[in-house]
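Subject: Handover of a structure and notes on what was found

Dear colleague,

Please find below the structure that I am passing on to you. My notes follow it, and I would ask you to read them with the structure open.

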Amino acid sequence: MMNPHRRNIMKKYIAVLILSAMLLGCLPALATTQKHRYEFFDTFDTIITVIGYHNSTEVFEKEAKEVHRLYQLYHKYFDIYNEYEDVLNLASLNRLAAQSPQKVDAPLYDFLRYAKDLQERYPSPVNIAMGNVLKVWHDFRDAALENPSAATMPSLEELQKAAEYTDIQSLRLNDAEKSVFFEQPIRLDAGALAKGYATEMAAQYLEKSELSSFIISAGGNIRTGKQPLDGRAYWGVGIADPQQPNNLYDTVYIRDSSMVTSGDYQRYYEVNGERLHHIIDPASLYPAKLHRSVSIYTKNSAMADYLSTALFILSYEDGLSLLQRVGSAEALWISADGGSHSTPGFAVIQKSQGADSKQNRE
């Protein structure tokens, strides 16, 4: 019998294959270019696919392998379960940083500075210092995946105790020394930002490389470069239907930007028919229930990851207010009954609202 955790991964694999098939289902490449694909499944518990156009297979493979290396690096940095000999990562910090300041590599320090500054500039329910609470949920979910018939949920008392140490202000960052110190025994968990941040770093590398016409698909995180060199003006990206995740709810057309979706149909388990997913509302300490999925369209994939999680937790009105403060970001909310709301800028890119891959909107 297949391990439940592995079965859950395979479900996500099938969903990603559908989206990847759509990405690949395009017009034949122009004679001067070739369409290439590179795929790996050893980081962030998902398939990462790089598709790009270039007239040299060797150049594409060189750049795609560098993208793979970057994902492997950030996967190590953001790992909260395992420590590594060659890097000090989040697992290391969670063990050591409450005892004394810990110097970390620049890429990890830059991420922590970005995450803390982002939360302070645009306050939201997304907090990388929520790790003590999220660990309780991780443990219960893992146990349920191993033995679904014995699945339970944590008590409010257990969660409240874990929530005593979740203040992001306890994360002290020393820019001069690139050191990290916890004033209280918080626990870092980069889950709400990790994949988006790593994807953005990979995309920024490609934008400066010889492969500027690309699309990176990392599960629910999509980042595109310049337009595909096959006659289209935009890349087509599918948004999964939360009711039937293997089907598409809609298609959007983008370039030089990101599309990130957060939903309750990934990483969940059930107790007495109740779906307990991985996006936890810090107000209730239980999974957020207001939406089935939220998709964000903006330039930066890390910001899109942050906003998709935040808006999934927030009410529609509060989410709209956050979007207005951020600016240059658009959203699609899908509710439990299948209804949806989208900002005007998001509607412009939706196939259901008349957008297509060839129409140049600029």
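Glu200, Glu207, Arg223 and Lys299 are joined to one another in a network of salt bridges. Please keep in mind throughout that this is a predicted model.

**Salt bridges**

In total, the count of salt bridges comes to 16.

Glutamate 274 and lysine 289 meet through their side chains in a salt bridge of 3.5 Å, N to O. Glutamate 274 is partly exposed, its relative accessible area being 30%, whereas lysine 289 is exposed, at 67%.

**Packing of helices**

Helix α2 takes part in two of the contacts that I wish to point out, one with α7 and one with α4.

Helix α7 covers residues 194-207, and α2 packs against α7 at an angle of about 150°, with the axes 9 Å apart. An angle over 145 degrees counts as roughly antiparallel, and α2 and α7 are therefore roughly antiparallel to each other. Their crossing is right-handed. On the α2 side, the contact involves Glu63, Glu66, Val67, Leu70, Tyr71, Tyr74 and Phe78. These residues meet Ala194, Tyr197, Ala198, Thr199, Met201, Ala202, Tyr205 and Leu206 in α7. By class, this contact of α2 with α7 holds 12 nonpolar, 1 polar and 2 charged residues.

The axes of α2 and helix α4 (residues 106-121) come within 10 Å and cross at roughly 65°. Here too, α2 passes α4 in a right-handed crossing. Which residues make this contact? Tyr74, Tyr77 and Phe78 come from α2, and Pro107, Leu108 and Phe111 come from α4. The contact of α2 with α4 has 6 nonpolar residues, with no polar and no charged ones. Tyr74 and Phe78 of α2 are named in the contact with α4 and also in the contact with α7.

A further pair is formed by helix α8 (residues 301-313) and helix α9 (residues 316-326), which pack at an angle of about 155° with their axes 9 Å apart. This angle makes α8 roughly antiparallel to α9. α8 passes α9 in a right-handed crossing. Met303, Leu307, Ala310 and Leu311 of α8 make the contact with Gly319, Leu322, Leu323 and Val326 of α9. Sorted by class, the contact of α8 with α9 has 7 nonpolar residues, 1 polar residue and no charged residues.

**Positive phi angles**

Most residues other than glycine have a negative phi.

Asparagine 272 has a positive phi of about 50°, although it is not a glycine. Asparagine 272 lies in the loop between β11 (268-271) and β12, and is exposed, with a relative accessible area of 82%.

Serine 328, likewise not a glycine, has a positive phi near 50°. Serine 328 is found in the loop between α9 and β14 (330-334), and is exposed at a relative accessible area of 67%.

**Surroundings of tyrosine 297**

Tyrosine 297 has its place in strand β13 and counts as buried, at 19% relative accessibility. Leaving aside residues up to four places away in sequence, tyrosine 297 touches a number of residues, including Ile254, Met259, Ser328, Phe346 and Arg361. Tyrosine 297 and isoleucine 254 are 43 residues apart in sequence, and their C-alpha atoms are 8.6 Å apart in space.

Yours sincerely,
A colleague

Definitions and conventions: Residues numbered from 1 in each chain as written. Predicted model: local features only at pLDDT ≥ 70, side-chain atom pairs only at ≥ 80, totals over all residues. Heavy atoms only, no water. Axes fitted to C-alpha atoms, helices over the stretch in contact; angles between N-to-C directions. Helix = DSSP H or I, 4+ residues; strand = E, 2+ residues; numbered from the N terminus. Parallel < 35°, antiparallel > 145°, perpendicular 65-115°, else oblique. Left-handed = near helix turned anticlockwise from the far one by under 90°. Contact = heavy atoms within 4.5 Å. Nonpolar A, V, L, I, M, F, W, Y, C, P; charged D, E, K, R; others polar. Salt bridge = Lys/Arg side-chain N within 4 Å of Asp/Glu carboxyl O. Buried < 20%, exposed > 50% of the residue type's maximum accessible area, 1.4 Å probe, protein only.
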